Amino acid sequence: MPGPREPLRIATLPTPYLEPGAALLRTLYSEVCGTDVHLHHGKLDVPFPIIPGHVSVGVVEASGGRLKDINGQTIKEGDTVTFLDVAETCNNCYYCLVARQPTRCPSRKVYGITYSAKDGLLGGWSEAIWIKPGVKLIKLPKELTPETFIGGGCGLVTALHAVDMAEIRLGESVAVLGTGPVGQSIIAFSSLSGAGEIIGIGAPRDRLEYAKKMGATATLGLDLPPQARLEAVRGLTGGRGVDVVIEASGSPDAITQGLDMVRDGGRMIVCGHYTDNGAVEIHPHWQINRKHVELKGCWGSRYDHFHRAVALTARYGDVKPWRDMVSGRYPLTSADQALKAVENQTALKALITPNPSLLT
Ligand SMILES: [Zn+2]
Ligand SMILES: [Zn+2]
């Protein structure tokens, strides 16, 4: 991606030197996420040119010495792996050591986003990915197909982080604002957490149908006016509103609508605003203070989210149809079309397949 709004371009980069702890992956799948559309619109400050693709699955082709997972097991050439797409978190700053919020570490770099193509093969829309020393690899267990994991993709880890922050108790009601890949995985994880009523709110219609397969007990379309949606949510929750709202839409209006939907004393998590989509007016007295609402923002993912996302998709991939979220596969030469399909919402999840010959 040479720059904002420019057509994508195919380039050849040198094979990286693999120092101890480094590896080279042959890419099976990388995904197109909403963030890639925002990158192409120039809405994030990143070092163009970049190789997009943050969450990916690949096969280990070569390594600089022995690679180990967190259990001490060797990761071998030929293993199918994913990796935490974050590197260089410093473990040496206020956010890492005192606040213990490493996703806000100023040294943190993200594959496919904040690395430049000038730094090397550090993005997934590429035939090969350079795993730098210290980047955590996770072997996909044999019961987990790569398509199931990448079908959830980066939405999985964001959703898991948000659902953790919401601390859903058994039987609690949840409204999920937004039915893109993040919202769909939030619905799945809320359902696995034992939530009661799970209301998926979004568009278009086929995404609402899919939300039911992920565990939504009710859905509301954006064709309903906001007031009608609010009344419907209250109607499903004894007039009180939901215990938990999780916003994953990226719409500023969803913030004020969510604060109206949450019950007094409830919780609201915001994880859909990864770029600046503008401001919205909220009423501090009526919507926050008097309601005694807990409002939390959720940024980025840590290793524990990736680790558990792999374990959860391995265990529940048959129950929650993450792999059915994939609606298009594109070789590198068609990456522009993949980006368009996600931008136009004609694909819920588009995958980039740089090495089609490796896929069976
Ligand atoms: Zn993403
Ligand atoms: Zn740090």
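**Loops, metal sites and a helix pair**

Author: Pro 204 sits in the loop that joins strand 11 (198-202) to helix 5 (205-214). The model is a predicted one.

Reader: What is the omega of the peptide bond from Ala 203 to Pro 204 near?

Author: Most peptide bonds are trans. The bond from Ala 203 to Pro 204 is instead cis. Its omega is near -10°.

Reader: Where does Pro 49 lie?

Author: The peptide bond that runs from Phe 48 to Pro 49 is cis, and its omega is near 0°. As for its place in the chain, Pro 49 belongs to the loop between helix 1 and strand 2.

Reader: Which arrangement do the four donor atoms around the zinc ion (ligand 2) have?

Author: The zinc ion (ligand 2) is coordinated at 2.3 to 2.4 Å by Cys 90 (SG), Cys 93 (SG), Cys 96 (SG) and Cys 105 (SG). Four donors count as tetrahedral if all angles lie between 85 and 135 degrees. The angles at the zinc ion (ligand 2) are 104 to 117°, and therefore the arrangement is tetrahedral.

Reader: How many residues apart in sequence are the parts that Cys 90 and Cys 105 tie together?

Author: The donors of the zinc ion (ligand 2) are spaced C-x2-C-x2-C-x8-C along the chain. Cys 90 lies in the loop between strand 6 (86-87) and helix 2 (94-97), and Cys 105 in the loop between helix 2 and strand 7 (109-110), so the parts they tie together are apart in sequence by 15 residues.

Reader: Are helix 6 and helix 7 roughly parallel or roughly antiparallel to each other?

Author: The axes of helix 6 (residues 226-235) and helix 7 (residues 252-261) come within 10 Å and cross at roughly 30°. Angles under 35 degrees count as roughly parallel. Helix 6 and helix 7 are therefore roughly parallel.

Reader: Which residues of helix 7 make the contact with helix 6?

Author: The crossing of the two helices, helix 6 and helix 7, is right-handed. Helix 6 contributes Pro 226, Arg 229, Leu 230, Val 233 and Arg 234 to the contact. From helix 7 come Gln 257, Asp 260 and Met 261.

Technical notes. Residues are numbered from 1 along each chain as its sequence is written. Chains are lettered from A and ligands numbered from 1 in the order in which they are written. This is a predicted model: local features need pLDDT of at least 70, side-chain atom pairs count only at pLDDT 80 or more; totals for chains, interfaces and linings use all residues. Side-chain values use heavy atoms; hydrogens and water are left out. Axes are lines fitted to C-alpha atoms, for helices over the stretch in contact, and angles run from 0 to 180 degrees between N-to-C directions. Helices (H or I, at least four residues) and strands (E, at least two) are DSSP runs, numbered from the N terminus. Angles under 35 degrees count as roughly parallel, over 145 as roughly antiparallel, 65 to 115 as roughly perpendicular and the rest as oblique. A crossing is left-handed if the near helix is turned anticlockwise from the far one by less than a right angle, and right-handed if clockwise. Contact means heavy atoms within 4.5 Å. Donors are N, O and S atoms within 2.8 Å of the metal (3.2 Å for Na, K and Ca); water is not among the atoms, so sites may look incomplete. Four donors count as tetrahedral if all angles lie between 85 and 135 degrees; four count as square planar and six as octahedral if opposite donors are over 155 degrees apart and all others between 65 and 115; anything else is irregular.
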